[in-house]
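Welcome! Let us take a friendly look at some aromatic rings and the residues around them.

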Amino acid sequence: MTNAMNTPQFLLLLLVFQITPLVAQRRIIDIETWKMGYVNASGDSIIQTEYDFLPRKFEPKMVARKGKWRGVIDSAGKVVVPFQYATIKPEKHGFYAVAKDFGNKPKQYETVTWVYGLLDSMGRTVIPLTAQ
């Protein structure tokens with residue numbers, strides 16, 4: 001009896017290792033609070049489990065959600081754009097398109113008034129929030 005793997009098993013194992021990247025950071029979810037964070041390959045916390053949403057891919061700057069508000073954090077967990085926007089869309093060259101509702105409560109069949117603006121990569125206002 002031999003311990004050698006047959007060719008199909010070996011190729012499958014090789015394929016799995018080539019497709020599965022070795023990721024240094026992983027998104028985790030606290031099953032008691034359902035909050036998300038990131039840990040490194042050793043299991044040490046990089047970003048605390050305090051966010052309702054974090055992207056799967058760990059980036060130098062990431063859009064995150066706390067409650068109903070979105071903001072941007074860096075890879076150390078520092079807040080770059082405060083959590084006060086309904087939507088944030090990363091744009092080219094490190095800019096962020098942001099939107100807020102105007103705070104009015106719509107009646108049935110009415111629309112919410114939205115204000116839109118643009119922030120730079122440090123969270124500074126480039127185009128102030130204006131209604132559209």
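## Charges over rings

K66 lies over the face of F83, 5.5 Å from the ring centre. A second case involves K100, whose charged end sits over the ring of Y85, 5.5 Å from the centre. A charge sits over a ring if NZ of Lys or CZ of Arg is within 6 Å of the ring centre and within 35 degrees of the ring normal.

## About the model

This is a predicted model, in which local features need pLDDT of at least 70 and side-chain atom pairs count only at pLDDT 80 or more, while totals for chains, interfaces and linings use all residues. Residues are numbered from 1 along each chain as its sequence is written, and side-chain values use heavy atoms, with hydrogens and water left out.

## Rings that pair

Rings of Phe, Tyr and Trp (its six-membered ring) pair if their centres lie within 6.5 Å; planes under 30 degrees apart count as stacked, over 60 as edge-to-face and the rest as tilted. By this rule there are 2 aromatic pairs. One of them joins Y38 and F58: the ring centres are 4.8 Å apart and the planes stand at 75°, so the pair is edge-to-face. Y38 lies in strand β2 (residues 36-40) and F58 in the loop between β3 (45-51) and β4 (61-66), so the pair ties together parts 20 residues apart in sequence. Strands are DSSP runs (E, at least two residues), numbered from the N terminus.

How values were computed
Helix = DSSP H or I, 4+ residues; strand = E, 2+ residues; numbered from the N terminus.
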